[in-house]
Amino acid sequence: MPTILKIQGGKPLKGTIEISGAKNSALPLMVACLLTDKPFILSNVPNLADIRTITQVLETLGVIAHEDGNTRTLNASNIISTTAPYELVKTMRASVLVLGPLLARFGHAKVSLPGGCALGARAIDVHLEGLRAMGVTCDLEEGYVIAKAPKDGLKGAHFTMRVVSVGATENLMLAASIAKGETVLQNAAREPEIIDLANCLNAMGADVQGAGTDTITIQGVDSLNGTQYKVMPDRLETGSYAMASLITGGDLTLTNTSLKYLPMVRETLEKAGAVFEELDNGFRVAQKGPIIGVDVMTEPYPGFATDLQAPFMALMSVCEGASMITETIFENRFMHVPELARMGANIQVHGASAMIRGVKNLSGAPVMATDIRAGIGMVVAALAAKGETTISRLYHLDRGYETLEAKLQACGAVVERHKAEI
Ligand code: UD1
């Protein structure tokens, strides 16, 4: 039964929100279980739809998965298939991350192409180019990539990525960790989730150096062990709630997280009038005076995260003055603009840039979550809007935000989930 969120806006958020483990880190970390036949234990895994999808993908391959609260035990000692089917890959693109580890450990893999995506083409060509550099042959048959490693296994390679891709960097790191010889990935993504993956692989016995810089060097090892590893905090959930605090004139303490993962977001929000207080296990964030318009361009890390562009646009829609937001990572990532306009925002889009002229108030309206991050943009806007906002297509939000309404309710938000009337 589809559900909707009803939010009565205008209540300042006050209190504490515990940040969950990072979805975008947990996904590649869970896939890393494929590299070993030993038990692999991950803690701080968020309970989200995308995590259930990757679990299903792994179970299809023969992984035995156990869930105990936020801990997942994964055992890939009895792999029965190396095919990631369309039905699962189409619902979550990160499923293609199984390609590298399956090729490295078993020498072959069949993975569906992700297909249409609301954010534009989102090809996996860079993933495949990197694997080809390691000796893999790839054919396309009936929408599937059929990939084969050389008979004597994947060969380390020096590979420069044409496009900075988080997923391709992860896929190639996973593959290279048990390939023969040295792999050097240049123009690699530098996201904190890449460092998390490198740390986990190294804990399994891999030799990955340079993660967090644009050059990652991996010396392949013969085999990897199981490990116990804790997923890093979700910096995108962190940034989203920080913006929710600011737009409502609230005062939130976010725990189990750190500002160190959000350098550009912090700088931008400070220019917009935010005040941060760093604490041992997180930080406090509140607004000082009016929200000031700030220009932003999304960029690969350490730049401003594209995944925080929608909630930031919601914040800017009630700024003093104006803000120009330029999206450089994904085409079609302004689908929240017409929804924000329904709430009274004044936004003009010109190509990859949006000009936001601040309005005094947003007003509640029925709107849609068109993807995960557009969805949280709607939530941030709704928390500040006058009156009631109804957000539909919640399955998008449920992919990325654990216990969203409980976390907001505990800080004074009036938000409820209802069954949608059809
Ligand atoms: C990851 C994140 C997602 C985030 C994105 C950018 C996960 C599970 N998801 O997605 O939340 O929005 O990084 O920070 O971690 N590209 C190509 N060819 C490729 C691969 C990518 O052209 O083979 C392009 C994409 O279309 C896009 C850009 O590169 O324009 C960045 O994509 P990428 O970094 O790969 O994003 P994901 O890993 O899918």
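**Figure 1. Strand 3 pairs with strand 14 in the parallel sense.** The pairing of strand 3 with strand 14 (residues 228-230) runs over 3 bridges; two strands count as paired if DSSP finds at least two bridges between them. Helices (H or I, at least four residues) and strands (E, at least two) are DSSP runs, numbered from the N terminus. The model is a predicted one, in which local features need pLDDT of at least 70 and side-chain atom pairs count only at pLDDT 80 or more, whereas totals for chains, interfaces and linings use all residues. Residues are numbered from 1 along each chain as its sequence is written, and side-chain values use heavy atoms, with hydrogens and water left out. Serine 43 stands opposite lysine 230 in strand 14. Strand 3 (residues 40-43) has a covered face, formed by Phe40 and Leu42, and an uncovered one, formed by Ile41 and Ser43.

**Figure 2. Leucine 74 lies in strand 5, a partner of strand 3.** Strand 5 comprises residues 71-75 and pairs with strand 3 in the antiparallel sense over 3 bridges. Within this pairing, phenylalanine 40 is placed opposite leucine 74. Leucine 74 has a relative accessible area of 1% and is therefore buried (buried means under 20% relative accessible area, exposed over 50%, and partly exposed in between, with a 1.4 Å probe and protein chains only). Not counting residues up to four places away in sequence, leucine 74 touches Met30, Cys33, Lys38, Pro39, Phe40, Leu58, Val63, Ile64 and Ala65; contact means heavy atoms within 4.5 Å. Histidine 108 is 34 residues from leucine 74 in sequence and 21 Å from it in space, C-alpha to C-alpha.

**Figure 3. Helix 4 is mostly covered.** Of the 8 residues of helix 4 (residues 99-106), 6 are buried. These are Leu99, Gly100, Pro101, Leu102, Leu103 and Ala104. Glycine 107 follows helix 4 and has a positive phi, near 85°.

**Figure 4. Helix 6 and helix 7 pack with their axes 10 Å apart.** The angle between helix 6 and helix 7 (residues 192-203) is about 10°; axes are lines fitted to C-alpha atoms, for helices over the stretch in contact, and angles run from 0 to 180 degrees between N-to-C directions. The two helices are therefore roughly parallel to each other (angles under 35 degrees count as roughly parallel, over 145 as roughly antiparallel, 65 to 115 as roughly perpendicular and the rest as oblique). Helix 6 contributes Val166, Thr169, Glu170, Met173, Leu174 and Ser177, which meet Glu193, Ile194, Leu197, Ala198 and Leu201 of helix 7. The residues of this contact comprise 7 nonpolar, 2 polar and 2 charged; Ala, Val, Leu, Ile, Met, Phe, Trp, Tyr, Cys and Pro count as nonpolar, Asp, Glu, Lys and Arg as charged, and the others, Gly among them, as polar.

**Figure 5. Helix 8 and helix 10 cross at roughly 5°.** The axes of helix 8 (residues 235-247) and helix 10 come within 10 Å, and the helices are therefore roughly parallel to each other. Ser240, Met243, Leu246 and Ile247 of helix 8 make the contact with Pro311, Phe312, Ala314 and Leu315 of helix 10. The residues involved divide into 7 nonpolar, 1 polar and no charged.

**Figure 6. Helix 10 lies across strands 18, 19, 20 and 21.** Helix 10 (residues 309-316) runs at about 165° to strand 19. The 4 strands form an open sheet in the order 18-19-21-20, with mixed pairing. At the edges are strand 18 (296-297) and strand 20 (346-350), each pairing on one side only. Strand 19 (residues 322-326) and strand 21 (residues 353-357) pair in the antiparallel sense over 5 bridges, with threonine 326 opposite serine 353. Strand 20 and strand 21 are likewise antiparallel, over 5 bridges, and isoleucine 347 faces isoleucine 356 of strand 21. These two strands form a hairpin with 2 residues between them, and glycine 351 in the turn has a positive phi of about 60°.

**Figure 7. Lysine 407 is found in helix 14 (residues 404-409).** Lysine 407 counts as buried because its relative accessibility is 11%. Its side chain joins that of serine 20 in a polar contact of 2.8 Å (a pair of N or O atoms within 3.5 Å; within protein, one must be able to donate a hydrogen and the other to accept it, and residues adjacent in sequence count only if both atoms are side-chain atoms). Not counting residues up to four places away in sequence, lysine 407 touches Ile17, Glu18, Ile19, Ser20, Glu237, Tyr241 and Glu402.
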